[in-house]
Amino acid sequence: MKKIKALFVLFLLCQSITAQELSYGPMIGFTGYDVNINGTINGGAGFSSLNFGGFIDYQLNASFGVRGSINYSVVKEDNYGAIVDRTWNNLFEEAKIQLLQVNGLVRFDVNKTYNKGFYLTSGLKVSNVLNVKIDGAKSDDFYAKTYLNFMFGFGIMSKDHIGIEIIPEINVSNTLDYFSDTNTSKNYGATINLTYNLDSIFKK
């Protein structure tokens with residue numbers, strides 16, 4: 001009986017902590033970047049269509065919190081090729097990459113009022129390649145299956161539960177599988193996210 005009571009008290013405590021410190025909601029966004037390759041080939045740029053997913057945010061104290069999010073993204077990269085005997089040779093015109101991305105970020109709210117106003121954010125993005133089509137044909141050996149990006153940026157949370165984030169990023173692992181021993185990518189870009197905090201609405 002005592003164990004049941006202890007478990008019940010623990011459950012109520014967890015519910016109380018969750019209600020006070022956990023927030024969540026949907027997010028949409030857009031990613032763009034330059035493709036920079038150290039090696040024998042060159043690339044152009046990458047642009048996503050509309051990314052969509054969701055986030056969970058856990059407040060640690062008045063200033064700090066951690067956020068996890070997952071989103072689905074379709075990115076198009078273009079103008080891959082190599083210069084051979086002073087002549088440009090196309091590898092392909094366009095690659096279409098379907099990605100499932102998982103982000104782990106730390107947040108610092110500058111005004112010490114969490115989920116209100118301006119904040120800084122930093123962390124890692126893991127991109128898992130689901131499918132690749134190069135010039136319309138399926139490809140399994142040009143891109144790495146998983147790669148990692150470092151992110152550091154900022155955001156603003158409004159009083160209307162809406163947040164906007166601008167987060168520059170750089171990949172810290174090679175995005176290429178194609179001759180990866182002689183070609184290493186170093187892509188620079190940014191992600192813009194729009195978030196909507198559902199938890200603050202339900203607490204009213």
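Predicted model: local features only at pLDDT ≥ 70, side-chain atom pairs only at ≥ 80, totals over all residues.

Mentor: Gladly! Along the sequence, the elements of the protein chain come in the order α-β-β-β-β-β-β-β-β-β-β-β-β-α.

Trainee: How much of the protein chain counts as buried?

Mentor: Of its 204 residues, 37% count as buried. The accessible surface comes to about 11500 Å², and carbon and sulfur atoms hold 65% of that surface.

Trainee: What share of the contacts joins residues 24 or more positions apart?

Mentor: Among contacts with a separation of 6 or more, such pairs account for 64%.

Trainee: Let's take one residue. Why is Glu169 called buried?

Mentor: Its relative accessibility is 9%. You will find Glu169 in strand β10, which covers residues 162–171.

Trainee: What makes the pairing of Glu169 with Asn149 a polar contact?

Mentor: The two side chains come to 2.6 Å in this contact, and the cut-off for the N or O atoms of such a pair is within 3.5 Å. One atom must also be able to donate a hydrogen and the other to accept it. Glu169 makes a polar contact with the side chain of Thr191 too, at 2.7 Å.

Trainee: Which other residues is Glu169 in contact with, leaving aside its neighbours within four places in sequence?

Mentor: The list includes Thr31, Lys125, Phe150, Met151 and Tyr188.

Trainee: Now Gly65, please. Is Gly65 buried or exposed?

Mentor: Gly65 has a relative accessible area of 0%. Since the limit for buried is under 20%, Gly65 counts as buried. Gly65 lies in strand β5, and the C-alpha atom of Gly65 is 5.1 Å from that of Arg107, although 42 residues separate the two along the chain. Arg107 is also one of the residues that Gly65 touches, and so are Leu105, Val106 and Tyr114.

Trainee: Where do Asn79 and Asp135 sit?

Mentor: Asn79 is in strand β5, residues 64–84. Asp135 is in the loop between β7 (117–134) and β8 (137–138).

Trainee: Why are Asn79 and Asp135 called partly exposed?

Mentor: Buried is under 20% and exposed is over 50%, with partly exposed in between. Asn79 has 40% and Asp135 has 46%, so each value falls in that middle range.

Trainee: What does the side chain of Asn174 have 3.1 Å from one of its polar atoms?

Mentor: The backbone nitrogen of Leu176 lies at that distance. The backbone nitrogen of Ser185 also lies 3.1 Å from a polar atom of the Asn174 side chain. Asn174 itself is in the loop between β10 and β11 (184–185). Beyond four places in sequence, the residues touched by Asn174 include Ala144, Tyr147 and Ser180.

Trainee: How many cavities does a search of the whole structure find?

Mentor: Two of 30 Å³ or more. The largest cavity holds about 180 Å³ of space. A cavity is a space where a 1.4 Å probe fits but cannot get out.

Trainee: Which residues lie nearest the centre of the largest cavity?

Mentor: Of the 19 lining residues, these are Thr31, Tyr33, Tyr147, Asn149 and Glu169.

Definitions and conventions:
Residues numbered from 1 in each chain as written. Heavy atoms only, no water. Helix = DSSP H or I, 4+ residues; strand = E, 2+ residues; numbered from the N terminus. Buried < 20%, exposed > 50% of the residue type's maximum accessible area, 1.4 Å probe, protein only. Contact = heavy atoms within 4.5 Å. Areas by Shrake-Rupley, 256 points an atom, 1.4 Å probe, with all protein chains shown as cover. 1 Å grid on protein atoms, 1.4 Å probe; cavity = no way out; pocket = protein on both sides within 12 Å on 5 of 7 lines; lining within 4 Å. Points joined across faces, edges and corners; volume = space filled by probe spheres on them.
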